[in-house]
Amino acid sequence: MISVETRQLTKKYKEKTAVDKLDLTVGEGEFFALLGVNGAGKTTTVRMLSCLSKPTSGECFIMGHSCSAEQAKVKRIAAISPQDTAVAEKLTVRENLEMICGIYGFDKAKKSSKTAEMITLFGLGEYENNAAKTLSGGWKRKLSIAMALITEPKVLFLDEPTLGLDVLARRELWEVIRGLKGRITIILTTHYMEEAEQLSDRIAIMINGKLAALGTLSELESMTGETGLENVFVSVAERGRKEAAE
Amino acid sequence: MSAIAAFSSRNFKEVIRDPLSYIFCLGFPLVMLVIMTLVNESIPAQAGMTIFRIDNLAGGIAVFGLTFVMLFTCMGISKDRAGAFLTRLYASPMRSADFILGYTAPMFLLCVIQIVITFIASFIVSLITGVELSAAGLLLSLAALLPSALMMTGFGLLFGSLFGEKAAPGLCSIVISLASFLGGVWFDADSTGGVLLDICRVLPFYHSTRAARAAAAFDFETCLPSLLITLAYMAAVMAAAIAVFRIKMRADAE
């Protein structure tokens, strides 16, 4: 089943076209990485898919529901962990999780069981009664992802989840994210090639708002004649830059 | 309802866990209450100046305190808008009405708590100074201040939606100064006349203070017109705040 679909999805800001006629399909349970240099259109795409931004033209669908016409349904089944840490700073870890349960209308029993489940899954037990503002960057990111996952989404958007984290914290977070593979559809945007290489089933590379390459790592390697995602990415990005200059 | 309750609870906790909110919303008005009572004690009876006598001061200080709730509402919203926390909630099933009620309800509750504490302190001061101040009158004054509480929360919602995190506190400070001065908290506006009184009468703060003082004195003839004007301002400010918040929420989604 198709989990995420975009049809000629376009977003324009005055003269600038941030996303240009993007056609994508992501299967259910797939781990899909969206790569691109700064300003390539990754975050704008994720914002449109999570109903945070309206497309200028084209359409996008989550589990068959239109992100424009069926926002309420889409918002129930999709969740986002934004680029910046999106937690309530003065609330404790537990209170942050319980707040999200309340916002999604969970009853008392479900709120309690889901909160306990997330605290265990993300290893947050030691900090559950600590205010979010006292957590380190890595723990805040874990909490931020837990707050997205607690809503039982069918599609989870992770917008640069490890940005600004040190190597150890990043590796630790990868392990958590890896544990989610196959359970739900995950769309990951990242600048870290290693992250996409290790975690993703398929990879899309966006250049200037357009889809420049799409496939598994081995497919992309054969397509470009390069080895490793970083070389593939550089090859696709340079080709895109040349085409734009012509 | 569940979303409103969860979001309200978060906003309430954010304020009560901020030590600055105790200093500004409670400490500062109570300190002013004590200082102005001491000033009143130092004014000779022959001067006939009663503005700082506790029966007049109680309502004025309550209005003064409400302006700080406006400041904290404004700061909370502008801070949320600047960060990614609202981005997460915009992507949730919450509707704009849930956000507005979620911000308004806890701040309105804080206003009520603040007025109650101010009036308890005023009652104690009245017992010490021997000025008559009835508990029933203070209860009526509390009721008369409820539209002002909602209006101040509405101002906070409006300014928090309009201005950024850096500009909001500064602009609110101007409103606090204007509200306390032109609201007749620190001087008897009615004894001035002329352009100054006209300006005071046009703005809602004078009527908030007047309604609160008159209600405490069971002077319904003075209270009612000012209360009606405050209610009209409350409706207008809340309508503007809701409209602006919705426009900004849509703009943030672009």
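In the predicted model, chain A contains an open sheet of six strands in the order β6-β7-β8-β3-β9-β10, with mixed pairing. Its edge strands are β6 (78-81) and β10 (210-215) of chain A, each of which pairs on one side only. On average, neighbouring strands of this sheet are turned by 20 degrees against each other, direction ignored. Strands (E, at least two residues) and helices (H or I, at least four residues) are DSSP runs, numbered from the N terminus, and two strands pair if DSSP finds at least two bridges between them. This is a predicted model, in which local features need pLDDT of at least 70, side-chain atom pairs count only at pLDDT 80 or more, and totals for chains, interfaces and linings use all residues. Residues are numbered from 1 along each chain as its sequence is written, chains are lettered from A and ligands numbered from 1 in the order in which they are written, and side-chain values use heavy atoms, with hydrogens and water left out.

Leu35(A) has Ile205(A) as its bridge partner in β9(A). Helix α8 (residues 217-224) of chain A lies across β9 and β10 of chain A and runs at about 115 degrees to β10(A). Angles run from 0 to 180 degrees between N-to-C directions, and axes are lines fitted to C-alpha atoms, for helices over the stretch in contact.

An open sheet of four strands in chain A has the order β2-β1-β4-β5 and antiparallel pairing. Because β2 (16-27) and β5 (65-66) of chain A stand at the edges with a single partner strand each, one side of each is left without a neighbour in the sheet. Helix α1 (residues 42-49) of chain A packs on this sheet, touching β1, β2 and β4 (57-62) of chain A, and its direction makes about 120 degrees with that of β1(A). Contact means heavy atoms within 4.5 Å.

Strand β1 (residues 2-13) of chain A is joined to β2(A) by eight bridges, and Glu5(A) stands opposite Thr25(A) in β2(A). Five bridges join β1(A) to β4(A), where Thr10(A) stands opposite Ser57(A). Two bridges join β4(A) to β5(A), with Phe61(A) opposite Ser66(A) in β5(A). The hairpin of β4(A) and β5(A) has two residues between the strands, and Met63(A) takes a positive phi near 50 degrees there.

Helix α5 (residues 137-149) of chain A and helix α6 (residues 167-180) of chain A pack at an angle of about 15 degrees, with their axes 10 Å apart. The two helices α5(A) and α6(A) are therefore roughly parallel (angles under 35 degrees count as roughly parallel, over 145 as roughly antiparallel, 65 to 115 as roughly perpendicular and the rest as oblique). Residues of this contact include Trp139(A) and Ile145(A) of α5(A) and Leu173(A) and Val176(A) of α6(A).

Helix α3 (residues 93-103) of chain A and helix α4 (residues 108-121) of chain A pack at an angle of about 135 degrees, with their axes 10 Å apart. This makes α3(A) oblique to α4(A). Among the residues that meet are Leu97(A) and Cys101(A) in α3(A) and Met118(A) and Ile119(A) in α4(A).

The contact between the chains takes 31 residues from chain A and 22 residues from chain B.
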